[in-house]
Amino acid sequence: MNAVVNAPGPFSGAQWPNRFQALGTAFFTPLPPQGIPDPHWVAWSPECARLLGLPDTRPGDDATLAALSGNTVAAGMSPLASVYSGHQFGVWAGQLGDGRAHWLGEMETPSGPMELQLKGAGLTPYSRMGDGRAVLRSSIREFLCSEAMAALGVPTTRALCITGSQLPVRREEIETAAVVTRVAPSFIRFGHFEHFAHTAEDATALKQLADFTIDTLYPACRDAARPVVALLEAVTERTAALMADWQAVGFCHGVMNTDNMSILGLTIDYGPFGFLDAFDPGHVCNHSDQQGRYAFARQPHVAFWNLHALAQGLMPLIGDSDAALAALERYKSAFPDALMARMRAKLGLATRQEDDHSLIEGLLERMAADRADYTITFRRLAGFSTGAGADNAAVRDLFIDREAFDAWGLRYRARLIAEHSDDTGRALRMNRVNPKYVLRNHLAEIAIRQARQGDFTEIDRLRQILARPYDEQPEWSAYAGFPPSWATQIEVSCSS
């Protein structure tokens, strides 16, 4: 087993309550990470460090580098890999689990208990045919997007750092290994509940997991008449809100399997994700998803399907299908209400009107027809002028059919005038919800290419820019431009 160390560093003296470990070994396998040879720092997130109560600056000691590479275990950490099951691409896949992730423990922080997990630190009993490793390419993408989503205000797991090594790892080609330190209040997934519902001889372990989840993550549900039903409804509401966030910001997850759905409504498991460039509701960001199951427009429907799978997993405890369906029914109003609220904010609408849906859909239809850039369109729309004769060329010129946009613009202008909208104030409000900077695939690709040459400066530059996505940052305006033509050739698959 890896040596347990208690050397000076940001984790020395940290409190590790490790509540998940108390569930017992039916839920996990205790084992140390395998680590990587000759590790080096690749990236560090000061924002995530502050969340944990750690110093902003990257640690300079070898002990912390070793611990976050899986080479040693800091005192108080209790490495393990958890077991879960799930549906993958709509098909029951049976037992899965942390195939390349090692849970280090639960750290007491100013933000409450936070779990730390190493992704890419070697084989576990749940690796199946995998090698237990993560490559530098995918680790950079996960690190940057985790922190970018947090800055956008989208619920997400966080990423503290990346460490790298020259250890070769085979994917489509030979790449080098890396380890990401992931952070979340919990990494429990829908698939944890599915596992014990499908594999256990009785409901003892399932009840233990549900009680643990309620008591540690959803304590308000304990006082409900039926706590497990209340849990299902609470998870439904959080998932609905998350889907509204994804759709509003133009984020495609790519692998919405039930084992990739967080019980806390967090964005989890960044693999073949992508932000929309040209708006296409049918966009599929995962090259492995040949049937388009996880296309952008289908994400809310898939989430509802996954919630049904979770409900099925909880049925041995609920015992009443009508009660479970009633809890799921909340999604049908929670999601559209949440999405409409976000889209009204994106258009700067201060009131709710009956024609809101028609106005919003009208814009999206024009964007889809002309493949207008999603992020740039909404950002430029903040500058829309209601003045008589205003040409609004900055946003109008994003559309091929300018007459069709003009027709929509007349509706938009009339609506803004009717609610006495002030252009200046509205622009400020819209720029607080319509990001200027998102992690487009080509930006990540440039950082990856430089990192493969040993230059990690672009990763940190991108992290800093994406930490302030709503600010103008004129010195970095090139990062908010249209994607280059070669970006359309980038393919991201499940191997990422």
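Asn260 has a relative accessibility of 10% in this predicted model and is therefore classed as buried, the limit being under 20%. The residue belongs to the loop that runs between strand β13 (251–252) and strand β14 (274–275). When residues up to four places away in sequence are not counted, Asn260 is in contact with Arg189, His253, Val255, Ile268 and Asp269.

Strand β11 (residues 158–170) pairs with strand β3 (residues 40–44) and with strand β12 (residues 174–184). The pairing of β3 with β11 is antiparallel and comprises 4 bridges. Within this pairing, His40 is placed opposite Gly164 of β11. Strands β11 and β12 also run antiparallel, and they are joined by 9 bridges. Here Thr163 has Val179 of β12 as its bridge partner.

Cysteine pairing was examined across the whole structure, and the search returned 0 disulfides. For Cys48, the closest cysteine sulfur is that of Cys161, at 8.5 Å. A disulfide requires the two sulfur atoms to lie within 2.5 Å, so the sulfur of Cys48 is too far from that of Cys161 for a bond. Cys161 is likewise in no disulfide, and its nearest cysteine sulfur is that of Cys48. Cys48 has a relative accessibility of 0% and is therefore counted as buried. Cys161 is also counted as buried, because its relative accessibility is 0%.

How values were computed. Residues numbered from 1 in each chain as written. Predicted model: local features only at pLDDT ≥ 70, side-chain atom pairs only at ≥ 80, totals over all residues. Heavy atoms only, no water. Helix = DSSP H or I, 4+ residues; strand = E, 2+ residues; numbered from the N terminus. Buried < 20%, exposed > 50% of the residue type's maximum accessible area, 1.4 Å probe, protein only. Contact = heavy atoms within 4.5 Å. Pairing = 2+ DSSP bridges.
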